[in-house]
Amino acid sequence: MEKKYWKSLNELQITEQQQADLHAEDGQDRSMVEILADEANNKSSSRRDFLKWCGISFVSATVLSACENPVKKAIPYLNQPETLVPGKASYYASTYLNGNEYCPVLVKSRDGRPIKIEGNTLSGITKGGTSARVQASVLSLYDTGARYKTALKNGEETEWAEVDTNIVEKLKEISDRGGRIALVTPTLLSPSSKALIEEFKSTFAGVEVIAWDAIPYHGLRKAHENLFGNAIIPDYRFDKAELIVGFGCDFLATWLSPVEFAGHYAERRRLSQEKPEMSRHIQFESMLSLTGASADERVPVKPTEELKILLALHDQVAALAGQAGIGAASVDYDVESLARQLMENQGKALVVSGSSQAEVQMLAAAINQMCGAYGTTIETTTPLMIGMAGDNAFDNLLNDMNQGNVDAVMFYHTNPVYHHAATEKVISGIEKTTLSISFASTKDETAKVCQYILPDHHYLESWGDAEFKSGHYSLLQPLIQPLFKTRQFQDTLLAWMGKDSDFHAYLKNRWQNNLMPLQSEFNEAEIFWIKSLQAGVLEIQPNRGQAMNFNPAALSEIAGKINNRIASAAELEFVIYPSLSLADGHDANNPWLQELPDPITSVCWDNFAAVSPATATSLGLAEGDLIRINEKTRVPVLIQPGVAAGCMSIALGYGRTHAGISADERGGNAFLLNTNRLFSGEVSNWEKVGGKHEFARTQTHFSMEGRAIVRESTLDKYQQDPAAGNELHKYHEKHKTTLYPAQEFEGHHWALMVDLNACTGCSTCVIACQSENNIPVIGKDQVRRRRIMHWMRIDRYYTGEAENPGVVFQPLMCQHCDHAPCENVCPVAATTHSQEGINQITYNRCVGTKYCINNCPYKVRRFNWYEFATKEEFNTHTTTDLGRMVLNPDVTVRERGVVEKCSFCVQRIQEAKLTAKNERRLLNDGEVKPACAQACPSNALVFGDLNDPESKVSKLIKDPRNYHLLEELHTLPSVGYLTKIRNPRT
Amino acid sequence: MHTKPIAGRMRTGALLPGLFVLLFIMIGWFHMPLFSQDALALEAEEVIAATDSLTEDIKGKVETEAAPETEQVYTRGNYSKQDLRRGERLFKGLVPFGSGPHDCASCHYPTRTDTLNWNPSAFDLAKLWYDNEDYRIAEKLNSPAGMRMMNDHQGMSITPDEERQLEAYYTEVLKKGPGELQAYPIRAFIFWGLGLLMLLALIDLLITKKIKFRVPHVLILIIGLVVHMQFAVAESRNLGRTQGYAPDQPIKFSHLIHAGENEIDCNYCHTISGISLSAGIPSNNTCLNCHNVIREGTNSGRFEINKIHQAVETGEPIRWIRIHKLPDHSFFSHAQHINAGKLECQECHGPVEEMHLLRQVEDLSMGWCLTCHRDNDVDFLDNPYFQIYKQLHQDIKDGKIDAVKAARIGGEDCMRCHY
């Protein structure tokens, strides 16, 4: 309560200066009157124009009213498939697979077209959680602008049959004369594809497979090989850890298996009267990451300093464990007490490092070993299958290509021209080969320089399988006939091998032969296959893991490398990281992801070099200054509290040059800085390149105005009084008075509870909501004008000092107030209260006065200033017939001039109710889940019926941590928040 | 001295109603198509467009197949004007065939009508002939297949010459298209007649001044305006509503024969009505469940049923004209109303089993929906779902109320249907 929260640096300064005028917070000095006067003078239209338009619209309305009803056709199937019911959604299990990212999903299909992705609850890994990128992937299917539509040869359309004969001939010829054919892939998670590629290699002798990952995890695998003689990436279990220490590791957003980790992490931090305990999380990092924001203690340090602390911590822990240290210098942090706590938490502690360097990972692994993490918080029985690819093979290939020693090169799911720092070298290497092929399904930079583009299907059109963790298999199945004349990569290989069967048959056969014997549930091959497809996942009990023989001697060899790294400390360093929305930039042409505000900075459509306020001052940088870093990457500067002093952090995934209209030339490509493949390094050179950049950000127009919107306390206080930090709630409950009779809800009374302790700010809900509710993309320019459309937003508040603030995320959607201020001001009764407690808006009644927007204290109502859904200047995906296929037919596409907002996903509520009524039974708790709650990987959102005393929400709303936003206004929201509790060291 | 200013005032005073009349005539100009059966008009346009290309095709064929014809070899094309003239007369029964007088046009209408005619129209026949290379008119008529054909074409036998002449006429019919149907002629007559009268009255009132008394002028103008206004109001209220809409369908499918006389359950064909939002237009294979065996209808013979089989052959589904359509922003579930609401199909769709040509009976307006929600009881006691309404159940037990209307439990909420 006593804490002071602020949302932007400006606000902090303003409140500090006790300035009353908050209007200037976005940096504009001009008063509103001046702005309005300017606008009026610049307008070309006048009163006379207005009258003219009145006249014209009267006449055209009369004329239009005389229009005919168009003749509509009703065209049934010629032969209706038995399982397909028009108008009824079906769900099919599949798997999202994109480089290192993996998520078993259920795809909602209406009338034969996939429209929504949901998590697959049968998966033991993600347990029904998803990420923003997974949610948005359905839009990429319909990306008419960026998807390759047919096979291309030197940019000209060509026939597949012709391609096949030509290429097979060439491959044979190269193989026969002992030439080299390189197939570049990422680490393949699909066991069937791996097997197929092996067969392909035996058909064409010259083929060699070179794996290369844009975001490498090979260091982690290498570390385990060096230290334990076992090259695995173990399974980190954040749900079993009492003490988590992170070193530049963004495990809640992008590291290894973020969906799983977010779920586990939140599980351990969820508080209840029965379990008033939670984990403690300490994070050392350079950038302000999502994970750092959730930490109980966050230490912003430069990358080299971070390594220094890790080394010192290792030596301290080693000293306590009676092992030899490596020789650490003293650091500016009390590592001794941390080391002691780690040792005290034997078997309950977990140290994770996000570094891609094997030596650094060895330090973390050694600490984990010494505090007994292996076998408890780190499981070795189900290792991860990602990160198989080191950099050496590809670097060698690059050299060979440039020397002209490689005859043919093929790229599957890899885009080194964009992802590799030495772009020029990759391009010249490709140009020196006699045959270059890209299997990219959407436009990318590598495909652009290849002779052949043989486009692969989108994953929703493909067959396939994946093994993300050892023993955790899942299947991909096509949801739709291929939209374009594309062909699945595996089918292309089969065709080249001269096989008649397709990959579907290959996959089925392989599963029935290789995987069926591993399980005992189904004996019949056909049933096993169908049931596996239906479930989407197949989980096989792991064997006992191989022995992990700790070999501390290996540590003695790394001192040199570690010390070199530490010695490379520079005055100004950079760190580059996969961004939350775009990750490595593969799906950068997805406008939903582009417009998803970064939860920390609330910037969308761009990346930036974030520097702390103090560093900015010392470097003479101001927000929006365009700079070029190391003569490579040009990005604008963003002043971001919490970034380590002397450090710049830049998101990856931006700066694409050949990816499509939504992605091209947005921000700068930070992969160019990654010359050492360590994702951090020295800023040896930076210069202002002139010009100011105006960010499109969604935050600055909000202010907490000194009210207790976020309520926070610590675990100690919570254990003494569960209502700690939430004293105001009791006060307001006591002082409830009203002139109006109390509202009664006889049937259902829907409510949503948000656990601020479980929410990691991952923004999955934002995209899920956008996908479910046909929310339009409005473009960078409109966001700059503060016209955001997301029904659900993640508000972020800072607390504490500007150099290392505490961060709290708060998901905010319509609060569905029982005394809704918006309802009484609508002149046309377009917004009313339903008998189930939903604040409902009727688009057809709305005349766009926006009174409701003005009167909403939560600022959750959105106005359609333009025809956002159909005009190309705002978005590019729902303006074509194909793009519109992604729209949810149950939700109206809103017109210009109407207000919209969260409806609690009323279409889902109605659907569940109708099902229950039709089946003549009660509606069960948990049966209705709005899109946000369904998508949430950490189950921070719980939806249900308050009239059912046994429902989860009814219980949560009685929790002493529960409070409502702006309770003092007596709006009686149906959304409740559970206070944020942190667990700092005392 | 006194007359001038009065006349001046008259003129300016009459200007306003004059403008109104003009405006209404203008509106009427745009408005008229609504009085005709728009579906037919549009469809006809489509077909005409299609026939235009047909004609092109035929012309092309004629040119390519210009080989000299012999008496024995049957070829299409190259019809003379004489052929055409004679073909038309034969078809319309103006001259007798060799085998006797037959009036084809009495059954196969050469123009559109709004009465239901089970027989294929001249256009239908011509199109069938054109689409099918092997189709021989003489063959079909001289040895008819099917009871209906046999009975109706008894004693007919046509010569190769007559066949050729009929073919010439068919090409002409294809060129002309099926023709438009003029519906509501009386309303159009009233509208335009009154408009003309008003114009005349106005002209006489202001310029010619033939009739000294002005009462008739004023009366005509007032009555005309009122009637025109009434038309405008009625039409704009029905905007987007299609009550009474009964367009010609691509197949002369009769609900009366199927659902009425043969008592086939609605759900037999509309299979998904109980499980989906939509009731579903039966797919072609559903038709074939019966029409695989039943190849000939009582009324239409084989002609209409053949269309189902043709669809299978061509792979082109039948493009029915949609009649019942709710606006996109309203959500409606058939399953809900049939299962939970226990409604009979006829309560919304009218006596479908009595209709040869399906017609929209209700106006499907929001008022109509709400009336039903306000007046009808829900299945409150029997459906366990409603047990959540504890107070209402108590009230029923106590005898305070005896049933619960849909509106009482949220049936009037906007977001029941609009989201």
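Two bridges tie β2 of chain A to strand β1 (residues 320-321) of chain B, and these strands run antiparallel. Within this pairing, Ala74(A) sits opposite Trp320(B) of β1(B). The model described here is predicted.

**Where the chains meet**

Chain A brings 47 residues to it, and chain B brings 55. Which elements of chain A each supply at least two residues to the side that touches chain B? They are α3 (47-65), β2 (73-74) and α29 (906-918) of chain A. Of the elements, α29(A) gives the most to this side, with six residues. By residue class, the side of chain A that touches chain B holds 18 nonpolar, 19 polar and 10 charged residues.

**Chain A as a whole**

Chain A contains 31 helices and 42 strands. Its C-alpha trace spans about 85 × 75 × 65 Å along the principal axes. The radius of gyration of chain A is 29 Å. A compact globule of 986 residues would have a value near 30 Å, so chain A agrees with that expectation.

| Domain of chain A | Residues |
|---|---|
| domain 1 | 5-36 |
| domain 2 | 152-216 + 389-535 |
| domain 3 | 223-269 + 278-384 |
| domain 4 | 570-697 |
| domain 5 | 713-735 + 746-982 |

Take domain 3 and domain 4 of chain A. Their C-alpha centres are 27 Å apart. Domain 3 of chain A puts 15 residues into the contact, and domain 4 of chain A puts in 20 residues. On the domain 3 side, the elements that give two or more residues are α9 (290-294) and α10 (303-321) of chain A. The residues on that side of domain 3 of chain A are eight nonpolar, five polar and two charged.

**A three-stranded sheet in chain A**

Strands β3, β4 and β5 of chain A form an open sheet in the order β3-β4-β5, with antiparallel pairing. Which strands lie at the edges? The edge strands are β3 (89-98) and β5 (113-119) of chain A, and each pairs on one side only. From one strand to the next, the twist averages 35°.

The pairing of β3(A) with β4 (residues 101-110) of chain A is antiparallel and covers 10 bridges.

Helix α4 (residues 132-141) of chain A lies across β3, β4 and β5 of chain A. This helix, α4(A), runs at about 170° to β5(A).

**A helix pair in chain B**

Two packed helices are described by the angle between their axes and the distance between the axes. In chain B, the axes of helix α3 (residues 81-91) and helix α7 (residues 160-176) come within 7 Å and cross at roughly 90°.

Which residues make the contact? From α3(B) come Asp83(B), Leu84(B), Arg86(B), Gly87(B), Glu88(B), Leu90(B) and Phe91(B). From α7(B) come Glu162(B), Arg164(B), Gln165(B), Leu166(B), Ala168(B), Tyr169(B) and Glu172(B). The residues of this contact between α3(B) and α7(B) divide into six nonpolar, two polar and six charged.

Methods. Residues numbered from 1 in each chain as written. Chains lettered and ligands numbered in written order. Predicted model: local features only at pLDDT ≥ 70, side-chain atom pairs only at ≥ 80, totals over all residues. Domains from an automatic or database assignment. Contact = placed C-beta atoms within 7 Å. Helix = DSSP H or I, 4+ residues; strand = E, 2+ residues; numbered from the N terminus. Nonpolar A, V, L, I, M, F, W, Y, C, P; charged D, E, K, R; others polar. Pairing = 2+ DSSP bridges. Axes fitted to C-alpha atoms, helices over the stretch in contact; angles between N-to-C directions. Rg over C-alpha atoms; globule rule 2.2 N^0.38 Å.
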